[in-house]
Amino acid sequence: KRFQLKKLKLVHSWTSSSRGINTGGLKITMAELVKQLACPEFTAIETVLATGNVIIQTTLRAHAPQQYVVTQLSNYFGQPIAATLRTANEIAVLLAACPPVPAEYNAMLLLTEVKLYAELAPLFTSYDHTSEEVLRPAGPHAIYWLVKKGHTTQGFGGKVLGSAKYRGILTSRNVTTIATVK
């Protein structure tokens with residue numbers, strides 16, 4: 001008897017974090033976000049909170065779904081949108097590397113697909129900040145930033161997060177938010 005082997009398609013789960021969704025002027029309902037990202041290769045799309053965090057189930061590998069998300073959202077908003085994809089394991093590794101956060105501070109992860117720490121570190125040191133505030137690598141494409149509450153968009157944060165230069169390549173997430181999407 002002859003057997004035929006069927007090709008099995010593995011389904012991958014990715015968390016996509018997109019820059020600027022529902023902050024500032026980039027408003028979109030979660031239903032519209034799902035509609036904009038819908039495609040046959042995505043077997044499931046689940047939004048988390050209203051911040052542009054989306055869990056995608058797909059048979060595609062990381063680069064293809066990331067490019068699709070970036071293209072769709074950039075077209076929808078008419079400007080470059082940064083989106084990073086991470087697996088649940090990658091998110092767990094990032095979270096495990098984050099130290100406890102003092103009550104008066106926010107722990108942020110700056111997520112990117114390019115290496116930016118060497119460029120951002122001198123910029124960070126050029127702005128006034130408390131001695132507790134830190135900026136350090138959290139992996140090849142992530143930067144840990146401890147910042148005093150209420151100061152996220154001032155000084156270093158305002159320069160980087162508000163800069164058109166970084167708009168298409170960087171997104172930031174509070175560690176507390178990231179913990180809800182893993």
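**Pockets, cavity and cores of the predicted model**

The largest pocket has a volume of about 480 Å³, where a pocket is an open set of points on a 1 Å grid over the protein atoms alone, with protein on both sides within 12 Å along at least five of seven lines. Grid points are joined across faces, edges and corners, and a volume is the space filled by probe spheres set on the points. The model is predicted, so that local features require pLDDT of at least 70 and side-chain atom pairs pLDDT 80 or more, whereas totals for chains, interfaces and linings use all residues. Residues are numbered from 1 along each chain as its sequence is written, and side-chain values use heavy atoms, with hydrogens and water left out.

Lining residues have an atom within 4 Å of a point. The lining of the largest pocket comprises five nonpolar, 14 polar and three charged residues, where Ala, Val, Leu, Ile, Met, Phe, Trp, Tyr, Cys and Pro count as nonpolar, Asp, Glu, Lys and Arg as charged, and the others, Gly among them, as polar.

The second largest pocket has a volume of about 230 Å³. Its lining consists of 16 residues, of which Leu-85, Arg-86, Glu-90, Pro-140 and His-141 are the closest to the centre. At least two residues each come from α2, β4, α3 and β6 (134-139), and α3 supplies the largest share, four residues. By class, this lining holds eight nonpolar, five polar and three charged residues.

One cavity of 30 Å³ or more was counted, a cavity being a set of points where a 1.4 Å probe fits but cannot get out. The space in the largest cavity is about 50 Å³. Its lining is formed by Thr-15, Ser-17, Thr-84, Arg-86, Ile-91, Leu-94, Leu-111, Ile-178 and Val-181, with β1 (12-18), β4 (83-86), α3 and α7 each giving two or more residues.

The largest nonpolar core contains 17 residues, of which Leu-94, Leu-109, Ala-138, Tyr-144 and Val-175 touch the most other members. Such a core is a set of buried Ala, Val, Leu, Ile, Met, Phe, Trp, Tyr and Cys residues joined through side-chain atoms within 4.5 Å; buried denotes under 20% relative accessible area, exposed over 50%, and partly exposed in between (1.4 Å probe, protein chains only). Elements α3 (88-96), β5 (105-112), β7 (142-148) and α7 (175-181) each supply at least two residues of this core, and β5 gives the largest share, four residues. Apart from this core lies another of 16 residues, including Leu-37, Cys-39, Leu-73 and Phe-77.

In helix α1 (residues 30-37), the buried residues are Met-30, Leu-33, Gln-36 and Leu-37. They lie on the same side of α1, because they cover an arc of only 115° around the axis, taken from the directions from the helix axis to the C-beta atoms. These buried residues pack against β2, β3 and α2 (63-77), while the face turned away from the buried side carries the exposed residues Ala-31 and Lys-35.

Gly-52, in the loop between β2 (42-48) and β3 (53-58), is buried, with a relative accessible area of 2%. Not counting residues up to four places away in sequence, Gly-52 is in contact (heavy atoms within 4.5 Å) with Ser-16, Ser-17, Ser-18, Ile-21, Leu-33 and Arg-173.
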